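Trainee: Hi, could you walk me through this one? I'd like to start with how the helices pack.
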Amino acid sequence: MGSIAPAVIPAPEAPYFTPANHDVGAALNPNDPSTPTLFRPLTIRGVTLKNRIAVSPMCMYSAESDPAAPDVGALTDYHLAHLGQFALKGAGLVFVEAQGVEPRGRISPNDAGLWQHDTDSAQFRSLQRVVHFCRSQGAHVGIQIAHAGRKASVTAPWVARQAGRPSVRAEAAVGGWPDDVIGPSGGDKHRWDADGDYWTPRAATVEEIQGIVRAFANSAACGVRAGVEVVEIHAAHGYLLHQFLSPVTNRRTDDYGGSFENRTRLLREVVANVRAAVPEQTAVFVRISATEWLEGQPVEAEAGGSWDVASSERLVPILADLGVDLVDVSSGGNHRDQRIPHGSVSYQTDLAGRLRRTLQAAGRSTRIGAVGFITGADQARGLVEGSDEAERAAATVAGADPAADVVLLGRQFLREPEWVMLTAQRLGVKVGSPKQFWRAGGAFD
């Protein structure tokens with residue numbers, strides 16, 4: 001009697017045949033007390049991640065860029081290959097790069113956008129294609145919706161690098177929008193640089209601000225229709241929402257400037273409108289710069305303050321109350337005079353830990369994501385070890401409270417796309433691998 005081959009379950013997300021690889025990068029024995037927290041499932045609202053490892057949003061400057069073409073801002077085959085490899089090799093959550101909520105919200109003409117909301121638009125269809133592939137390989141997919149504000153209309157960074165400059169402005173001839181760069185405040189004083197490598201912004205009108213709030217909500221809803229399960233609002237790194245938060249870059253005297261309440265108004269309105277625009281089960285994240293590293297700088301004294309850790313500690317409980325499920329903690333990027341303490345690889349993950357303790361002390365259950373210089377297996381394991389009480393009891397590594405609930409990696413995934421599999425191997429965790437890879441003899445499990 002011949003052997004009976006087990007049934008192969010196709011992935012329902014893909015319009016072509018691929019076996020469902022939903023266990024790739026997942027621990028084969030997640031409930032084993034020896035399984036590190038890093039490889040234990042985590043449920044955030046309606047999303048259950050198979051591990052605590054996420055691919056951070058990374059701009060690739062490879063979207064369709066012809067401003068006269070209907071597919072401007074659409075993802076390309078490059079993105080399918082780039083993002084698909086991380087899903088194929090076990091990441092629990094894969095973020096698409098920052099997508100502008102309106103054309104002038106992109107950093108460069110080569111950046112992705114999500115302002116075309118029709119299901120037959122190139123932006124929608126290209127996003128859906130990436131989402132379907134990543135989900136067929138077992139990864140959840142998130143989008144990061146963004147507006148570059150005064151840092152917009154520049155060329156891809158490698159153009160500047162080849163020119164030996166920190167940045168090169170994108171003229172209208174290459175698809176830029178030099179006359180429509182906006183920020184909370186306008187004039188040469190509010191240009192990012194002093195040497196003419198960025199455009200001079202003008203102050204956004206209240207009507208434009210309200211339109212941007214709607215644009216964030218509409219882009220979020222569009223992403224959900226394309227199949228994404230996580231929406232992250234980009235309020236870090238000196239882009240528009242961060243510019244409004246900081247007294248250094250926000251000198252407005254209306255309802256969107258001045259006091260902490262007014263400077264946080266735009267972000268609060270964006271969060272509330274995004275939360276209302278997506279289904280209850282969709283997870284909403286916010287990325288913030290915990291500090292802009294301007295403490296003690298002359299520009300801070302001149303502005304009467306800066307966005308610092310104390311400001312973020314005040315903000316995160318507010319975000320929790322607005323329905324934010326995870327705060328993705330980064331830092332810097334809002335002013336050229338920043339002084340980042342590069343002497344320690346943990347300077348940014350330490351900020352995540354501090355804000356996590358703030359949320360816990362305030363009685364909020366909103367999660368924290370840590371990002372920045374995360375490269376090693378033991379380092380990542382330690383950042384999330386015992387992040388839940390039940391896990392703490394089973395944890396195999398004793399030590400300080402965890403800094404985060406999820407780790408997000410960017411550059412390390414560029415160096416090692418198979419980082420999840422290698423990390424499992426280094427920590428002695430048996431995880432699933434793609435069925436198409438089984439002929440390699442269980443190289444990762």
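Mentor: Happy to. Axes here are lines fitted to C-alpha atoms, for helices over the stretch in contact, and angles run from 0 to 180 degrees between N-to-C directions. Helices (H or I, at least four residues) and strands (E, at least two) are DSSP runs, numbered from the N terminus. This is a predicted model: local features need pLDDT of at least 70, side-chain atom pairs count only at pLDDT 80 or more, and totals for chains, interfaces and linings use all residues. Residues are numbered from 1 along each chain as its sequence is written, and side-chain values use heavy atoms, leaving out hydrogens and water.

Trainee: At what angle do α11 and α14 pack?

Mentor: Helix α11 (residues 377–384) packs against helix α14 (residues 419–427) at about 85°, with the axes 9 Å apart. That makes α11 roughly perpendicular to α14 (65 to 115 degrees).

Trainee: And which residues make the contact?

Mentor: From α11, A377, D378, A380 and R381; from α14, W419, T423, R426 and L427. Contact means heavy atoms within 4.5 Å.

Trainee: New topic: which residues of α9 are buried?

Mentor: V309, S311, S312, L315, V316, P317, L319 and A320, where buried means under 20% relative accessible area (1.4 Å probe, protein chains only). Their cover includes α7 (265–277), β9 (283–289) and α10 (347–361).

Trainee: What comes just after α9?

Mentor: G323, which takes a positive phi of about 100°.

Trainee: Zooming out, how many helices and strands are there?

Mentor: The protein has 14 helices and twelve strands. Of its 445 residues, 60% count as buried.

Note on methods:
Angles under 35 degrees count as roughly parallel, over 145 as roughly antiparallel, 65 to 115 as roughly perpendicular and the rest as oblique. Buried means under 20% relative accessible area, exposed over 50%, partly exposed in between (1.4 Å probe, protein chains only).
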